[in-house]
Amino acid sequence: MGLTELLSNMSEGEKLALVVGAGVAFLGMGLGYKYLWKPEKLVSVGVVSKLLIHPLKSAKAVSVGVAECQNLGLKSGELRDRHWLVVTEDGHMVTGRQQPRLVLVSMTNDGTHAVLNGPNMEELRFPMKQPENKVMDCRVFGEDIQGRDCGDKVSRWLTDYLGDEKTYHMVHFEPQMRARFPAKSMSVFPKKEEVAYPDVGAVMLLSEASVEDLSTKSDNKLTVERFRPNIVISDCGPYDEDSWEEIQIGSVRLQRVISCGRCIFTTVDPETGVITRKEPLETLKRYRQCKPSEKHLYQSSPLFGQLLSVKKTGIMQVGDVVYKISR
């Protein structure tokens, strides 16, 4: 039966009831939509003061004015954050925890070539892409990952620089390689999130105010570079970043996943490459411990900075306003 025929067979009372019922249903849908969907509210909470890319894990940061924020972290030109790694001959990662002087090494790019520099070392240039080189199986925090060997010249340079009896190699993570899944070691991360050679998260954020506050408590003048963040924020209070669950910077959206638990690497001076194994880690432990309910996540590691997941890729630049998103 068609709608016209159905209506013609209804009484006036039945038609009225149908109209009223439809109106109530429509009103209910509207009210439900109103209360279920909440508009976003963007509140300015700070300004990007630095964007730092660490191409070689544990080496110096490259400060850039503009960066592309991808799912695997920040990128500028051919330099991608923590996409190169020093390993032993059997593929085990080497960081500033084992070799503190790695923090004095710089890796930059002049187009098609990477450039390595270090104290008392001759500059070394090598091709960014070397598809003919072998792919090594590597171990990063107990997880398997691959990397393409950057060649014998790079190996000799690193071995001479680090100056012990071991032979070292540098490997490069390429897009087609199998990445690591942080959720395997920390279930709070999205299951599908991937990383190359970072400790765990692809993007780390820290405020200048937090570093300044720690400096006053530890009686040492500390810089943000010691803590190796990707995004540095100014114009906010100390530890304000702890409460930013979701933020927008430029065209990028980032979701807080977990605080950054700090380790012995924070005691390596980025200017000298000397490790003290004490400060500022001991000071952080006195006042930046997690809640008892979070011990399963952080154990005894103090918290400093925030690890973020990329919800929307895009471009960010120094000077961008940081917006906290609430609903």
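Over the ring of which residue does the charged end of arginine 101 sit? In this predicted model, the ring is that of tyrosine 161, with the charged end of arginine 101 lying 4.1 Å from its centre.

## Tyrosine 161 and its stacked partner

Tyrosine 161 also takes part in an aromatic pair with tryptophan 157: the ring centres are 5.8 Å apart and the planes meet at 20 degrees, so the pair is stacked. Planes under 30 degrees apart count as stacked.

Both residues belong to helix α3 (residues 152-162), where a spacing of 4 residues separates them by about one helical turn. Tryptophan 157 counts as buried at 7% relative accessibility, and tyrosine 161 counts as buried at 3%.

## Other aromatic contacts

The structure holds 5 aromatic pairs. One aromatic cluster is formed by Phe227, Tyr239, Tyr287 and Phe304. Tyrosine 287 has a charge over its ring as well: the charged end of lysine 217 is 5.0 Å from the ring centre.

## The four-stranded sheet

An open sheet of 4 strands is arranged in the order β5-β4-β3-β19 with antiparallel pairing. The edges are β5 (79-80) and β19 (314-317); each has a single partner strand, so one side of each lacks a neighbour in the sheet.

Strand β3 (residues 66-70) runs antiparallel to β19 and is joined to it by 4 bridges. Within this pairing, glutamate 68 has isoleucine 315 of β19 as its bridge partner.

## Cysteines

The structure holds 0 disulfides. Cysteine 69 is buried, with a relative accessible area of 0%. Cysteine 290 is buried too, with a relative accessible area of 9%.

Terms used. Residues numbered from 1 in each chain as written. Predicted model: local features only at pLDDT ≥ 70, side-chain atom pairs only at ≥ 80, totals over all residues. Heavy atoms only, no water. Pairing = 2+ DSSP bridges. Helix = DSSP H or I, 4+ residues; strand = E, 2+ residues; numbered from the N terminus. Disulfide = S-S within 2.5 Å. Buried < 20%, exposed > 50% of the residue type's maximum accessible area, 1.4 Å probe, protein only. Phe/Tyr/Trp six-rings, centres within 6.5 Å; stacked < 30°, edge-to-face > 60°. Lys NZ or Arg CZ within 6 Å of the ring centre and 35° of its normal.
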